[in-house]
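Subject: Structure handover

Hello,

Here is the structure I said I would pass on. Please open it alongside this message.

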Amino acid sequence: MAFYIGVMSGTSLDGLDVALIEQEQTTRLLAAHYTPMPADLGRQLLELCRSGPDEIVRGALAEQQWAELAAQAISFLLLQEGLDPRQIRAIGSHGQTVRHEPQRGFTVQIGNPALLAELTGISVVADFRRRDVAAGGQGAPLVPAFHAALFGSERPRAILNVGGFSNLTLLAPQQPVRGFDCGPGNVLLDAWIQRQHGEPFDRDGAWAASGTADPALLQQLLADDYFSLRGPKSTGRERFNLDWLLDQLQTQPSVAAADVQATLLELTARSIAAALKDSLPDAEELLVCGGGAHNRRLMQRLAELLPTCTVADTDSRGLPADWIEAMAFAWLAHCCLEGIPGNCPEVTGARGRRILGAIYPA
């Protein structure tokens, strides 16, 4: 039996998820904690997602702050659970993705794991994605191997993670694990409501539900080449961002703001549904995790678009939707220390299975 902590900071830039797991033959969630992202740090990290002046210094300072925030969150969780840092075998730290361009051979996550190890007194495993990219893979998504460990079954099943972007894991009997990024999850929905109303996100999808999806705009958005690609594939803010949306809206200037939000939600739902129908048409169940699992309107649309498939959040199977990704990186830390490959070549396109992560001893 060993304890691990996973730290996940996703493309939504809303905060850090910290999960404490017990790892034996199976993975058990013991506790979790969420720390909101300070507005100034979130702004700095978002700015690093595009080219700008003095990036090296700004990136170094931002990742110091990120590591300090993660260390505070971990200390809080340990205090809450009455645990000593020496009882934790390792922290699996995803860091914050600021660039992801596997077609050019690189992906960049920052988070100063050396500083995190120093501040917590716990060994840190980090930099999980670059080994897969070095082996010719996309470096993403990395959660399918963990999804398979948690949810593998004797019937066709898909696991959907909806964070800033959405990704699918496809599980079918007697078949290798497959998966890929579908496209935007919450990233455009969040960006549009922030621009129009100053709100961080559309709670329950209520604003989207108040509008009507515009058919012409939806068709234009779905015409992006990414949606016609088959996996392995991954994407990020380099492709889908507010500037991309504003460029699309220039040809559709009369669409009301609420209708734009409704259209963006439909874009997320339809891209997911189309990908699942194409890749695992006999799926009997779609289990949803990530922040998007709380978007009632999105869950409703997925159920309507997939009438032969049961759509439910992972909470219904005893695993809280909010903590699956943080758990996954705790599990990947375990895999690294035990010499177990953590990627799925059928998912990422890597040349083979690889042990992922770099170790920063306590």
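Below is what was found in it, taken one region at a time.

Please keep in mind that this is a predicted model.

Strand E4 and its partners

Strand E1 (residues 2-9) runs parallel to E4, and six bridges join the two. In this pairing, Gly6 is opposite Gly92 of E4. Strand E6 (residues 124-126) also pairs with E4 in the parallel sense, over three bridges; here Ile91 faces Val124 of E6. The pairing of E4 with strand E5 (residues 106-110) is antiparallel and has five bridges, with Gln109 in E5 as the bridge partner of Thr97. E4 and E5 make up a hairpin with four residues between them, and Gly105 in the turn has a positive phi of about 85°.

Phe329 and helix H12

Phe329 is part of helix H12. Its relative accessibility is 1%, so Phe329 counts as buried. Setting aside residues up to four places away in sequence, Phe329 touches Gly6, Met8, Gly92, His94, Phe128 and Arg129. Two of these have already come up, as Gly6 stands opposite Gly92 in E4. The C-alpha atoms of Phe329 and Gly152 are separated by 18 Å, and the two residues are 177 residues apart along the chain.

Helices H5 and H12

Helix H5 (residues 144-151) and helix H12 (residues 324-338) have axes that come within 9 Å and cross at roughly 100°. The two helices are therefore roughly perpendicular to each other. On the H5 side, the residues that meet H12 are Ala145, Phe146, His147, Ala149, Leu150 and Phe151; on the H12 side they are Ile324, Met327, Ala328 and Trp331. By class, this contact has nine nonpolar residues, one polar and no charged residues.

The buried residues of H5 are Pro144, Ala145, Phe146, His147 and Phe151. Their cover includes H12, helix H13 (345-348) and the strands E3 (27-36), E7 (157-162), E8 (165-171) and E10 (285-289).

The five-stranded sheet

Five strands form an open sheet of mixed pairing, in the order E9-E8-E7-E10-E11. Strand E9 (178-184) and strand E11 (310-313) are at the edges with a single partner strand each, so one side of each is left without a neighbour in the sheet. From one strand to the next, the twist averages 20°. E10 and E11 run parallel and are joined by four bridges, and Leu287 is opposite Ala312 in E11.

Two helices go with this sheet. Helix H10 (residues 257-279) lies across E7, E8, E9 and E10, and runs at about 155° to E9. Helix H11 (residues 296-305) packs on the sheet, where it touches E7, E10 and E11, and its direction makes about 160° with that of E11.

Nonpolar cores

The largest nonpolar core has 83 residues, and Leu160, Leu168, Leu264, Leu276, Leu286 and Val288 have the most contacts inside it. H12 gives the most to this core, with eleven residues. Leaving out neighbours within four places in sequence, Leu276 is in contact with Ala158, Leu168, Leu170, Pro281, Ala283, Leu286, Leu306 and Cys309. Another core, of 32 residues, lies apart from the largest one; Ala73, Ile74, Leu83 and Ala117 are among its residues.

Regards

Methods
Residues are numbered from 1 along each chain as its sequence is written. This is a predicted model: local features need pLDDT of at least 70, side-chain atom pairs count only at pLDDT 80 or more; totals for chains, interfaces and linings use all residues. Side-chain values use heavy atoms; hydrogens and water are left out. Axes are lines fitted to C-alpha atoms, for helices over the stretch in contact, and angles run from 0 to 180 degrees between N-to-C directions. Angles under 35 degrees count as roughly parallel, over 145 as roughly antiparallel, 65 to 115 as roughly perpendicular and the rest as oblique. Contact means heavy atoms within 4.5 Å. Ala, Val, Leu, Ile, Met, Phe, Trp, Tyr, Cys and Pro count as nonpolar, Asp, Glu, Lys and Arg as charged, and the others, Gly among them, as polar. A nonpolar core is a set of buried Ala, Val, Leu, Ile, Met, Phe, Trp, Tyr and Cys residues joined through side-chain atoms within 4.5 Å. Buried means under 20% relative accessible area, exposed over 50%, partly exposed in between (1.4 Å probe, protein chains only). Two strands pair if DSSP finds at least two bridges between them.
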